[in-house]
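Here are my notes on the salt bridges and the chain symmetry, for you to read alongside the coordinates. Have the viewer open as you go.

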Protein chains: 2
Amino acid sequence: MAQKPSIPKGTRDFNAEDVAKRSYIMETIKQQFQVFGFQPIETPSFENSDTLMGKYGEEGDRLIFKILNSGEFLKKISDEDYNSRSERLLTPKISEKALRYDLTVPFARYVVQHQNDIEFPFKRYQIQPVWRADRPQKGRFREFFQCDADVVGSKSLFQEVEFVQLYDAVFSALQLHGVTIKINNRKILSGIAEVIGAQDKLIDFTVALDKLDKIGEENVKEEMRSKDISEDGIEKLQPLFTLKGDFGAQIESLKSILSTSEIGLKGIEELEFINTAISSLELKTANLQLDVTLARGLNYYTGAIFEVSAPEGVKMGSIGGGGRYDDLTGIFGLKNMSGVGISFGLDRIYLVLEELGLFPDTITASTKVLFINFGDQEALYSLQAVTKLRRAQIKAELFPDAAVSGKQMKKQMNYANKRQIPFVVIMGEEELKSEVFSVKNMSSGEQHKLNFDELLALLK
Amino acid sequence: MAQKPSIPKGTRDFNAEDVAKRSYIMETIKQQFQVFGFQPIETPSFENSDTLMGKYGEEGDRLIFKILNSGEFLKKISDEDYNSRSERLLTPKISEKALRYDLTVPFARYVVQHQNDIEFPFKRYQIQPVWRADRPQKGRFREFFQCDADVVGSKSLFQEVEFVQLYDAVFSALQLHGVTIKINNRKILSGIAEVIGAQDKLIDFTVALDKLDKIGEENVKEEMRSKDISEDGIEKLQPLFTLKGDFGAQIESLKSILSTSEIGLKGIEELEFINTAISSLELKTANLQLDVTLARGLNYYTGAIFEVSAPEGVKMGSIGGGGRYDDLTGIFGLKNMSGVGISFGLDRIYLVLEELGLFPDTITASTKVLFINFGDQEALYSLQAVTKLRRAQIKAELFPDAAVSGKQMKKQMNYANKRQIPFVVIMGEEELKSEVFSVKNMSSGEQHKLNFDELLALLK
């Protein structure tokens with residue numbers, strides 16, 4: 001194969017720096033998940049197709065990566081089926097497994113399958129890759145990590161409160177100050193739909209409302225009209241477009257808008273509970289904001305809806321989201337299991353930290369010292385020192401090939417330079433005899449002769 | 001779906017304890033990889049089929065999981081091809097991507113693709129899952145992690161020396177003392193084949209020799225005869241069957257057996273170099289042993305061959321292996337790149353640590369304290385304390401639902417018990433008034449009233 005190899009579109013190779021930065025974000029999230037009492041689980045990369053298909057709508061089914069059955073996968077197919085030449089008909093017959101599309105459905109499957117071994121409420125976190133056959137775009141990949149925390153088995157609103165705190169804790173730990181945690185409630189949206197007489201058009205109406213920021217009031221109204229929402233209804237919405245003030249003030253306005261809707265008032269009550277608790281607990285660096293236009297996940301969220309946006313001035317879609325789904329495990333036959341959870345958008349958080357220069361320098365630090373190799377005898381002596389340094393957990397390396405010319409020695413110095421190794425030890429014949437190490441500081445250029453203990457102290 | 005859900009055969013769910021124990025092993029390996037100067041990379045879970053197919057032999061090709069093309073995958077297939085109904089013919093046309101089968105081929109692809117951004121010698125580690133459509137058995141899975149470290153771009157034997165040290169460092173850090181690092185050299189095997197006139201039967205002869213431990217001398221000879229290895233040749237092998245003594249003594253015997261084979265003597269020289277260096281550097285807890293019957297990976301290894309076995313008394317196959325391959329990247333068009341690497345068998349190491357009770361208790365420790373919930377007011381007060389504890393990085397939880405009866409309170413205590421949470425805080429009306437925390441030690445049953453600072457001190 002002379003052709004230069006490549007990887008499938010929408011996938012990525014990660015070099016050492018990428019891995020270090022991504023690990024830093026994931027480890028920070030993981031640490032806070034644990035502090036909040038969440039326990040890790042991991043599920044297989046592929047599930048039985050039955051488990052995944054039909055759970056994400058028609059679009060989702062199409063975007064799920066299917067795995068071809070092994071061996072004689074055409075053998076059991078009837079002539080009639082084969083001759084249909086229909087992808088729709090044949091796919092489930094030649095493919096019985098599929099790559100995980102998200103972490104929520106596998107989690108629901110896990111809970112039902114292991115329900116007898118789980119203590120409820122079950123607080124789990126999961127950080128694993130998922131795969132989607134989406135058209136790749138800037139910032140959208142076919143393989144990407146999800147970082148989810150969910151609780152299943154309790155309807156308590158204290159969980160929503162804790163998830164707001166969890167977002168605050170993670171972004172504070174990442175030094176990403178000033179993120180906005182937007183919150184809404186499916187019940188508010190249902191209440192509004194009820195009040196304007198558009199209960200049967202909840203999705204149409206919220207999809208339009210959700211665009212308020214982007215297309216403005218008049219265009220939103222136009223879209224609603226095009227979806228047959230009455231002028232009278234749109235009139236009743238007017239106060240929504242001018243909802244102002246802080247969380248409390250907005251709640252008061254909503255109370256009057258939704259005064260005739262039982263479900264709407266229930267939504268208000270829930271939001272008030274969360275806001276009151278958060279006010280008394282105080283967030284470290286994030287802001288909690290009510291956003292009645294927030295309408296994500298309406299196919300499954302039944303209560304709170306969350307979305308996190310980057311600090312002002314950073315152009316980026318949401319960097320996290322989540323919500324309450326009252327019947328998480330019903331799809332697998334376990335009823336009445338309310339769940340609530342949030343997710344962190346690793347790739348976008350990465351871009352934000354990069355843009356703001358928030359990755360600590362220390363996380364990409366690799367090898368601390370390189371020993372130049374002048375031949376087998378010097379190298380073996382050097383490796384004795386390297387071994388002692390490593391046993392003290394200092395990242396140390398010996399250049400594997402001997403430098404038998406000045407040019408080759410220069411090559412080794414260049415190698416240290418390009419790898420950003422801060423110290424180089426020159427261990428030649430002379431040093432070997434006098435049992436000292438000539439240590440060069442690669443940024444200052446200074447060179448000193450040290451004994452081993454001094455070297456160890458310098459590198460520690 | 002009323003049927004209880006399940007996962008594909010050969011795959012596994014991991015609960016919190018599994019994840020913690022597996023992470024402990026992987027983190028320990030990763031730490032030593034870094035100390036030895038290896039840098040992490042990650043590659044996509046699936047590669048273009050071209051990249052993988054034909055790299056692992058016919059059996060390997062069969063065991064690679066193929067991903068079905070998305071959308072109208074039958075559209076471009078000619079009627080003639082379709083009517084052939086041949087899996088062999090149709091597979092590459094309906095599937096252009098495949099799940100990674102190991103980490104070595106993706107690494108070779110990575111090196112060639114990114115050769116201009118890499119400083120050679122390139123020391124990389126990679127810890128990621130791989131997938132094989134193998135028949136699942138005890139200890140053999142269809143999805144499992146590989147933990148690999150390789151160096152590419154140098155032929156120096158100091159690398160073999162360092163890999164022996166790396167095995168020693170990892171198993172010492174895991175407190176798994178007394179593992180045996182077996183070493184052989186492909187050149188020794190080639191030399192023996194040459195001496196007995198069976199150059200064209202290297203694989204037959206080594207496969208037979210490899211069984212010496214299991215089936216004994218006579219049966220090995222019988223198998224060799226059945227593969228048409230001459231009586232004269234088998235006669236010349238006799239000293240191999242009785243090879244005795246330490247590394248040095250065995251080397252001396254080999255020198256006389258292989259005195260007429262140039263390649264054999266080269267192999268001896270390499271082994272001697274490694275043994276001399278390791279003797280002078282001293283291993284912490286592992287043993288290095290010469291094993292001329294060791295014959296893994298002969299399709300690609302060209303120099304050193306490594307295999308690690310668990311301490312004596314533990315019945316387990318190899319827990320690690322590796323070797324030198326002189327032309328790692330040639331398959332992708334980059335010639336003359338010698339590589340050498342080793343791998344750690346995560347699942348088997350797990351079983352060994354479990355059997356010997358070597359997992360530290362601390363790694364599975366989850367939440368430290370649970371606050372019982374007596375109602376919204378008490379819960380909010382509790383959550384203030386929980387928040388402060390969490391900000392001090394103490395794993396703390398509030399039970400989300402209020403206990404409005406003695407029975408419900410007992411349920412919360414049971415929850416703490418089953419989750420093995422060591423402390424419970426009872427924060428009722430009385431405690432709220434007097435601003436103290438009643439803390440119960442769940443193992444001793446003792447209960448004390450503490451103020452917040454005392455609570456913090458207790459839990460730290």
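**Notes on charge pairs and symmetry**

1. Start in chain B, where B:R62 and B:E59 sit together in helix α3 (residues 57–63), three residues apart, or about one turn of the helix. Helices here are DSSP runs of H or I with at least four residues, strands are runs of E with at least two, and both are numbered from the N terminus. B:R62 and B:E59 form a salt bridge, with 3.1 Å between the closest N and O atoms. The term means a side-chain nitrogen of Lys or Arg within 4 Å of a carboxyl oxygen of Asp or Glu. B:E59 is partly exposed, at 45% relative accessibility. Buried is under 20% relative accessible area, exposed is over 50%, and partly exposed lies in between (1.4 Å probe, protein chains only).

2. A word on the source: this is a predicted model, with local features needing pLDDT of at least 70 and side-chain atom pairs counting only at pLDDT 80 or more, while totals for chains, interfaces and linings use all residues. Residues are numbered from 1 along each chain as its sequence is written, chains are lettered from A and ligands numbered from 1 in the order in which they are written, and side-chain values use heavy atoms, leaving out hydrogens and water.

3. How many salt bridges does a search of the whole structure find? Over all chains, the count is 63. One of them joins A:R296 to A:E307, with the closest N and O atoms 3.2 Å apart. This pair links distant parts of the chain, eleven residues apart: A:R296 is in the loop between β8 (287–290) and β9 (304–309) of chain A, and A:E307 is in strand β9. A:R296 is partly exposed at 28%, whereas A:E307 counts as buried at 17%.

4. Now look across the chains. A:R391 and B:D168 meet in a salt bridge at 3.8 Å, N to O. The pair runs from helix α15 (residues 376–391) of chain A to helix α7 (residues 158–173) of chain B. A:R391 is partly exposed, with a relative accessible area of 37%, and B:D168 is buried, at 2%.

5. Salt bridges also link A:K123, A:E162, B:R390, B:E397 and B:R419 in a network.

6. Finally, the symmetry. Chain B can be laid on chain A with an RMSD of 0.1 Å by a turn of 180° and a shift of 0.0 Å along the axis, so the two copies are related as by a two-fold rotation axis. The superposition is by least squares on the C-alpha atoms of residues with pLDDT of at least 70 in both. In chain B, the C-alpha nearest the axis belongs to B:I67, 2.2 Å from it.
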